[in-house]
Structures are given as C-alpha cells and as structure tokens.
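Colleague: Before I rely on any of the labels attached to this model, I would like to go through them with you and hear what stands behind each one.

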Amino acid sequence: MLLVKWLKKEAPVINFDYVKPTTEQNALTACKDPLAQFIAGGTNLVDLMKRGVTNPEKLVDITGLPMSNIEQKGDNIFIGSLALNSVVAEHELIKKHLPLLSQALQAGASPQIRNMATVGGNMMQRTRCGYFYDLSMPCNKRTPNSGCGAKEGYNRMHAIFGASDKCIAVHPSDMCVALAALDATVLIANGKLLRRVPFKDFHKLPGSNPEKDNNLLKGELITGVEVPINAAFAQHSLYTKIRDRASYAFALVSVAAALEMNGKTIKDIRLAMGGVAHKPWRLTTAEQFLKSKEATPANFKQAAMLALKDATSYGHNQFKLTLAPNTIVHTLHTLAGI
Amino acid sequence: MGNYFFDSATVFEELDRVDGKAKVTGQAKYSAEYEMPGLAYGVIVGANISKGTIAAIDINAAEKAPGVLGVVTHLNITKPAGYIAADATKPAAVRGLKVFDDNVIHFNGQPIALVMADSFERATHAASLIKAQYNKETFSTGLEQAMKDEKPLEGNQYKESIRGEKDAWKNAAVKVEGTYTMPNQVHNPMEMHATTVKWEGDDKVTVWEKTQGVKSTQRDIMQAFALTEKNVQVNTLYVGGGFGAALRTWPHAMAALIGAKKIGKPLKVVLTRMQMFTLVGYRPEAIQKIAIGADNDGKLIGMMHEANAVTSNYENFTENIVKMTRALYSCANVTTKYNVYPVELSTPTWMRGPGEATGSFPLECALDELSYQLKMDPIELRLKNYAETDPENGKPYSSKFLKEAYQLGADKFGWKDRHPIPNTMMENGWKVGVGMSTGIFGAFRNEAKLGLKLMADGTLIMQTAVSDSGPGTATAMTKIAADAMGLPYNKIKFELGDSSLPPGPTQGGSSSTSTVGAAVSTGCVTLQKKLAEAAKSSPVFGHIVAVENFLFQNGEMVLKTDPTKKLSYSEVLKNAGMTSIEFIENSGRNPAMEKYSAYSYAVHFVKVLVHPLTGVVKIAKAVVAGDAGKIVSPKTAKSQMIGGVVGGIGGALMEESVIDERYGRWINNNFADYHVPVHADVPAIEAVFVDKPDPILNPVGSKGMGEIALIGFAAAVANAVYHATGKRIRELPITPDKLI
Ligand SMILES: Cc1cc2nc3c(=O)[nH]c(=O)nc-3n(C[C@H](O)[C@H](O)[C@H](O)COP(=O)(O)OP(=O)(O)OC[C@H]3O[C@@H](n4cnc5c(N)ncnc54)[C@H](O)[C@@H]3O)c2cc1C
Ligand code: SF4
C-alpha cells in the first residue's frame, strides 16, 4: 500500500492523507477512519474539496482495485464500479444489450469528464444545487439545519417530486436514470457480506436528513452493478435529455424509456425520469397504466398526466410541470414510431 | 443537421494567423505564465456581504499559515499616491473601486484582502483563514427591484432625447409595443485575468498583464503610483480573449502591484473563474420598452425607446443602448431615454457590441413584429426606411453598403424561400423558422504611432504598443504591409504587446484595423519614398528617384517603364551603404471625416428549429453579411464574424447570470452552470462581406468588424423563433421553458 502523508507543519493546502490500496480488503480498512473517503475519477470529489464543501482527512484512491470489468454473467450484464463512463458507453455488450444505458451515459457531462468518471462515482455524485456549493449560503445538505437556500431562492433546476421542507435538490446523474429504469442491482462490499440493493432503493429522498444522498453506509464500497438483459427492451429504448444547451449541461428533465411491444399493444414498459427528484424517479403508476394498452397518443398523454399527479413546483421550476409530461410523451411517441 | 464550420468547403488560401501555431502548440505565453526566481502567489479574498462596512477582519491565522509572505487589507495598506486626490475638487487618479482603500463594501465579492505566499496552494489555504465581520446594510442587485425602489441617475447623458414630435408613434396607423429584458452577461474569455508584477526598487516596475490596452494600463499604473513612463513596463504578448473585459486596469491588478511592493518580491495574481464574474465587469442587465408606429405602407412615423440598465453604486457606467434606434432608420420622430440604476454589483463594462447589442434586441424584434402586422417582408420594411444620410445629423456616410449586405446575405441564405406566414413550416417533427436583423456600430479611427524598420536582408519589422485580444491584429497588419510592399509574409514581422514600443491604441470599439492598419498603410508609402530616395545611389535606375516611377513587388523595386530594371530592397540598402531604414509613422484621424458619419453594418440571417413539445431551440443555419469596408485579411475576418455569431448564440439562447437577490451572490458563477455555446450548439456559419472600401475613413478602406458580428444576432434568433412558432419571446435567453 502506498502511503503519502503530508507533514502537518509543511502542509501545502488542507491536510489530507492519500493512500492507494490495491486490494478490496485494504481499501475497506483504510476507509474506516471517520473522515476518510474513497476517490475514483475525482471529477466530483476534487471540485467539492476545492470549494470547501467536503473536507476529507484521508483519500482512499480505489483506482488500483480490479473493479473495472464489464461482462455477461448469465442473464445479467455485470459492470464493475470502476468502469469508466466512456468505456461503458462504448462497450459492445452494453450497446447490444443495454443501449438505454449507453445513450444515458453519452448524454452526460463531456467526453473528457466521461473518460475520468467511474460508474461508482457517478452514482455517488452530489447535487449541483448552487447553494450547496457556496459556503456563504444556507444549505441543509451541506450544513445540516442551516436552512435551504433554494426553496425560496433560485430553484429552476430543482425537484418536482419527493422533495422535503429541508431540501428540494435533484440527483444530477443521467446514467442512474437508465439503471433505475432497467431494474439494476447495486453490489456493495463492507468487509463482511456482499450487500445487494435494488437500484431504485439505492438513492433516497431528502426527508429530514438531506445530508445523506443514498443508503450506502460509511465505509462501504460499491463494487459494481448488475443489469438484467431484456431483449425486447434492447430493441426499443430511448433516453431523452432536455437541457439548456445541446451538450455538456445537466438535465432540466430527462426520460429513460424501454418498451416491449406485442403488435400494437404495450406488453411491458419501463419509465424513469431524471432532473426531477432527489433520486432517479421511476414512473411506476404510468408504467402500470400503459401495460396491456395500445401505444396511442391519447394513452401516452394520459400516462404522462398520471406520472405528474404528485408533482409540485417551487417557482422557478414551474415549467417542469409542463416540460416533464411533454418529454414523456415525446419520448414515447418517438419510441413507438408515432 | 448542417455541417460544422470547420467542415466548410471553402478553401482558404489567405494568410494564416501569424501567431496561430504558437497559440495552438502552447508556445504562446500568457500573463500568468511568466516564471521568475522568488515568484510569490497572491490570492484575493472577497467579501460575502453586498453592502455595509467591515467591522473587523482577522488576518492572524492567515499570516501564520505556512509559506505566507504577507497579507494586505484596508487596515495595513500603504496607499499608492493615486488614491488620494492632490486637489480636493478633483477626483483621485485611480478611478473606480480603489481596492483596500477603506472598510466600505459595495458589492458581494469585493476584495477585502490579498494573501501572498510562496505557492498558490498555500496562498489559497491561507486565504480561507481570513475572517471578517461586517455591519450589513440593505441592498439590491436586481434591476426590476431597483426600478421600483430607486430613482435613476440624473445628468445630461440620461436626459430624454427627442427628435421631431415626441409621441408621434401613438398616432400611426400601425403600431407595435413591447418590453424586452436581458440579464447580465459575463464576458468569460477563456484566459483568466492575470497580473504578474516585478518591482525594481520603489519607482520602477514591470507588469505582465492581461489587457486590451498596453498603453492605457501603463498610464493607469503611472498615475496610480506617480511613476514615469520609462519606469513602467507593461507586457501583453498574448491575450486569451478579451471581449471588453480587459479594457480597464481592474482592482486585482492594483492589488497585485500594492502587494508585490509590500513583500518586495515578484508576485502573480490570477483570478478564479468565480472571480471573473465579479471583478472584471459584465454586460449590464437591461429592461427596455420600445414602441414603433408606421403608416400602412411601412414608412416609420415614430419610435420610442426607453432603456433601463444597472451600474454599480460607486461608478456610473453608460453605453450606447438607445443610439441605434436614433441612427439606423430614417424616421422623423424618435424619442429615446436611458435610465441607469446603481445597484450593489461591481461596475459593468463594455462587452462585445457594447450598448448596441443590448439595444438592437428590442429594436430589431419590434421591426420584425411590425413587418408581420404590415404583411411585408422584413427586409422590404427595412429598405423602405433606409437612411441615405445619418438621421441624427444629416451628414452623408463615408460609405454605406447596407443595401448590398441585405442582398448578399439574403441570396446566400435563401431568404426568398421563406414562407410569409409564421408557424407553418415543419421538418422532421420540428417547427422551422427563419429570421433576420440588422446590426450597426460606429466606425472609428484613432491615433497610432508605428515603428517601421526595413532590415538589410529585406525583412520589414513593424512595432506598436497594442495588444491583440483575439481578432488577429498582427495577421491583418502583415497582410496590409505584404500587399503594400510586395513582400512575402515570412519577410514581415509585426511586434506588439510591449509598452516601450511606439504608442498604439487600445483594442476596443472595433477600431484596431482602421487605426493601426492606417499607420501600416501610410507607413509603407513613406517607406517606399525612402527606398526610392535611397535608390539614388543605385546606377540601375539612372537618375529616376520619384516614387511614382516604381512598382514594389516580390521584395523588389521595379521600374515601371522598363521592368527589366529592378533591385531587391536589400540591394537598394546595400548600394546606399545603409544597414536599415528606420522611422516612426504617425497616423491620426482624417480631418475630412468631420463632414461624414461612419458606420459598419451586419445583417444576420438565422434558421431555427423549435421542438413543439420540449421547447428546445436549435440554430440550424446562420449567415452574416457584413459591410465592414475593405476586407483586409479574409481569413481572420471570417473568424471574427464566426466568433461573434457564436457569442450571439450564447446571448440568444443560454447566457444568463443568476444572482440570488436576497444575498446578492451569484448562483451560477462557473462554466458548468453559466452556459456558453459548445460545438453542438454551433451550426455552419457563413460570413460574407460586401468588401467595398470606405474611401474616407482611412487609407486602407476598412471599417470595424468585431462588434457588428454580434449586434442584432439575438433579435434574428427571436424573430426566427417567432416565425417558427408564432410566439414572440421578449426575454433573453430563449431557453426551452419559455417555449412550452
Ligand atoms: C462540469 C461537469 C458536468 C457534468 N455533467 C454531467 C451530466 O450531464 N450528467 C451526469 O450524469 N453527470 C455529469 N457530471 C458528473 C460526473 O458524471 C461525475 O462527476 C462522475 O460520474 C463522478 O465519477 P468519479 O469517478 O469522478 O467520482 P469521484 O469524484 O472520484 O467520486 C465521487 C464520489 O463517489 C464516491 N465513490 C467513488 N467510487 C466509489 C465506490 N466504488 N464506492 C463508494 N463510493 C465511491 C467518492 O467517495 C465520492 O464521494 C458532470 C460533472 C462535471 C464536473
Ligand atoms: S435544495 Fe438541498 S442542496 Fe439545495 S440548498 Fe436546499 S438543502 Fe441545500
């Protein structure tokens, strides 16, 4: 294990240790310290450190671990947590079996960032809420009980589903929306057993403790995700991302959709949205509604209305109440070829 | 969709950018890239309140932090001479915010301390240890609020201007009226502002500074520190984009000068991207009302344009927002009013197309709206109101080829295929619309001195103290000299970016090519005379010395009457026993210009696709036709126009400053959240030029170009969006939420 320790007295910036273990066990042990944190591509964590949002005392660089494999395991595709976003997006197995995931990844960030970003890091990336990044502003997620700057402030990018009084932030990932739609499972190591968590239960709603984005416990390591192969979905899936510029912008809203058709009838369907909640948002009511129905504009419209039933807005993001259903309808129209 | 601009089929045979290779290979050194022994690093700490005073500031921990060499605040500053007015009735030499002068906070992010250390990281860390306490006061940062709560500034420049009858538009047969808003826009050049300072003793300093004006920066420093010209050396060899943000000597540069003096070491201060939003200006937010009345034939009867904009609470910044409405079209009755409200933000500054870019948005949208009411083609309406002489003063134009530009652009774009009724065209599920607009900007020429040296080997060296913030000044000047002297490009060297060279102008207001180009042009004429004079001693030409008898081509003087008689420039020098010909050419305004008005024009044509369900707007095609006089360097001219249009796409579709008015703090002060166009937003852009010389402004025949490239573009997009959807968007940027 490589250990670099900056002597406190000679510290160039903020003191932190940096270790780069090569085995899972060493990584888990190294990350037991209360203020230790894993670092993978660093595309999110380093920014957060520079802004002073996160101040780890020890960085455990996991990029030396053998966790970047992508392979078919029975009826599943396994993706190691260190697989790079760019590699996953371009991988033959992914393009063939999980094109929805490939599209979602391609829609995210920039080529340079995707070349550094890992699957685990993408899941763990934090919200882009501007108040969260600015230490001079209130933010319950960053500093519990300091207030939520966005609720009565600038909240154009914020949630319309499942927010709480404490926090209305959204999870910014594109990749996770596809994984939620595809019923992936997250594999987690904690030194004892291997935990398996359904993707839709991995991220959490803000509730009363928005400082926690997800249900991963301190010191636990994401080792990979498993995604079931579904030949029909692979034929018919689409990720639509609506943003303020054509590339390199976070989603105003996004829709991941996969369809299994039986003639004109929808046999099975998966629908999830991004940019609308503190977690990738599965549209289960809309899915239920559309199952066994014909793929018609009227049905799609009705499904979109159902999906928006519990939506609320906070001012600047009111447009999402229209943009979200429109994007659902647009995605389903395109997918069904109408 | 269309090709990207780099796929363009056009084969450029013109001169490449002379500094292009250095720039793309990392050889070009920018102001932050000068290393020297003992170099210290300065980090600026900003206030996090918007208005009030500093009650206490604790620098103890920072001073004790490892590597720290010193901290400057208002409490321990040694004030430069220019902070204090010698005569109480006059302002102090240093204008604007005098950094660390007192404990008053004017805006959020205002520098309250400069921390200097032996490494950037240590300075950054120590800066985070500075703690300030404040007495806070109420403030406002938004224009809408300020318009409700406050009175605008008073003074002559804000007085209502009335030509003809004030409310004439109201009685016209056909009328349009609207209120248009535009947020603060930030220049955001790629290169951060940077200042590297090296004092030699108390009264001599060298500065590597990002500036669009090496001489103006030199002057500011001389005045601030009461130094002589020869003791202030400013170097700006390369600028990584300016767009107006480098037209002033900003507080961070003063801070660097003060700090370096304090620690007695060379010091470098580089702004962070976040500081680029608060410390180097922005295009001020504007709310504008416009009203236009016309008769049934489309002849303008009257216009009213009221602009409201922000400035800082410590400096009155104004720009030509409403001038275009008075100057562009022939209309007897025009009333304009410009209201400026001070808010708790830093001082705005000129940004590409200053004033006109803001004012053209309502004007050119209103004209479009009028054209639909009249059921008249938007170009026809503009031609109907074409000004043959300057409507403001009746003067003739030194040149005006706007009609030709309408024609040229319309042909290139295929404007004749436009369906006259909005909301009728579809392509692959997207609504299609086309729109156009006109841009206008004054054409200027200022004074310049140019050093010329013809060397023994026939190389021509030209020198002037200008900086090139991106248009390719050295390239254009090389081109002019090459044409005039008949020299190959590689025999010409244009040196700039050094305040000890003969004084040149500040690069702003699209005037560099006209100003410096004029000096190059007349300088080459002078050089030809001097060569002819020197050729006296060469027997080849007999006794002929009058310059008119010679052609200057391929690096040789050729006798017109007998082209077999020729001599290379180096032979002329050799025969005359000279090692070089050196002189300084003075160039100034043409006095004849008193009688003329001079403007450059651009006509923008845009095709947009608007998604009916998601409101996404894509620019599918853009053509810009320019009347910028003679096109000196076609390749850099095209780049200049293309760059302006890319900036225009940003302003039209995405650029928006977001400030939380409760805190007076920026929400999107970074490149992830403040959007500028990426390649995927930029379609094939075609730039075409009338390319007819202006015979009076300057001997080159050029007019300005940098500003018009962007002026009016946002209106063309909004007009195209209207044509596509039937929705008139009066609020920039046109993001998807506004179209669903
Ligand atoms: C300008 C910009 C634009 C972006 N745009 C988009 C976008 O449009 N769409 C999008 O989806 N994303 C976008 N991103 C985010 C990008 O996808 C994430 O930054 C990236 O996925 C993070 O991966 P990483 O490997 O660099 O994570 P790191 O920065 O290394 O780590 C992030 C977090 O994950 C934790 N972590 C990493 N790996 C593991 C693991 N195996 N187990 C447990 N914890 C782990 C770290 O401890 C850390 O807390 C953008 C980012 C930037 C900077
Ligand atoms: S929305 Fe959440 S992240 Fe944003 S300010 Fe509120 S608490 Fe913080």
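Modeller: Let us begin with the helix α7(A), which with 4 residues gives the most to the shell around ligand 1; helices (H or I, at least four residues) and strands (E, at least two) are DSSP runs, numbered from the N terminus. This is a predicted model, in which local features need pLDDT of at least 70 and side-chain atom pairs count only at pLDDT 80 or more, whereas totals for chains, interfaces and linings use all residues. Residues are numbered from 1 along each chain as its sequence is written, chains are lettered from A and ligands numbered from 1 in the order in which they are written, and side-chain values use heavy atoms, with hydrogens and water left out.

Colleague: What makes a residue count as near a molecule, and which residues come nearest to ligand 1?

Modeller: A residue is near a molecule or strand if one of its heavy atoms lies within 4 Å of it. There are 36 residues around ligand 1, and those that come nearest are Phe38(A), Gly42(A), Thr43(A), Thr118(A) and Asp174(A). In chain A, β3 (36-39), α2 (45-50), α7 (119-124) and β9 (221-228) each supply at least two residues of that shell.

Colleague: Why is the site of ligand 1 called shared between chains, and why is the ligand 1 shell said to lie between domains of chain A?

Modeller: The site is shared because the residues that surround ligand 1 come from chains A and B. As for the domains, whose bounds come from an automatic or database domain assignment, both domain 1 (16-66) and domain 2 (70-124 + 170-336) of chain A give residues to the shell around ligand 1, so it lies between them.

Colleague: How do you know that Asp174(A) has a polar contact with ligand 1?

Modeller: A polar contact is a pair of N or O atoms within 3.5 Å; within protein, one must be able to donate a hydrogen and the other to accept it, and residues adjacent in sequence count only if both atoms are side-chain atoms. A polar side-chain atom of Asp174(A) lies 2.8 Å from a nitrogen atom of ligand 1, and this pair therefore meets the limit of 3.5 Å. On the backbone side, an oxygen atom of ligand 1 is 2.9 Å from a polar atom of Ala109(A), and an oxygen atom of ligand 1 is 3.4 Å from a polar backbone atom of Asn122(A). Of the 970 Å² of accessible area that ligand 1 has on its own, the protein covers 95%, with areas taken from the Shrake-Rupley method with a 1.4 Å probe.

Colleague: Why is Glu191(B) called buried?

Modeller: Buried means under 20% relative accessible area, exposed over 50%, and partly exposed in between (1.4 Å probe, protein chains only). Glu191(B), in the loop between β8 (174-182) and β9 (194-199) of chain B, has 12% relative accessibility and therefore counts as buried. The side chain of Glu191(B) also reaches the backbone nitrogen of Gly240(B) at 2.7 Å.

Colleague: What makes Arg248(B) and Pro56(A) count as buried?

Modeller: Arg248(B) is placed in the loop between β11 (232-235) and α6 (251-263) of chain B, and its relative accessibility is 13%, so it counts as buried. Pro56(A), in the loop between α2 and β4 (58-61) of chain A, counts as buried because its relative accessibility is 3%.

Colleague: Why is β9(B) called largely enclosed, and how do you know that β9(B) pairs with β12 of chain B?

Modeller: The strand is largely enclosed by the rest of the structure because 5 of the 6 residues of β9(B) are buried. Two strands pair if DSSP finds at least two bridges between them; β9(B) and β12 (residues 267-270) of chain B have 4 bridges in the antiparallel sense, with Leu267(B) as the bridge partner of Val197(B). With β10 (residues 205-209) of chain B, β9(B) pairs in the antiparallel sense over 5 bridges, and there Thr195(B) stands opposite Glu209(B).

Colleague: Why are β10 and β13 of chain A said to stand at the edges?

Modeller: In chain A, 4 strands form an open antiparallel sheet in the order β10-β11-β12-β13. β10 (237-242) and β13 (281-282) each have a single partner strand, so one side of each is left without a neighbour in the sheet. Between them in that order, β11 (residues 253-262) and β12 (residues 265-274) of chain A pair over 9 bridges.
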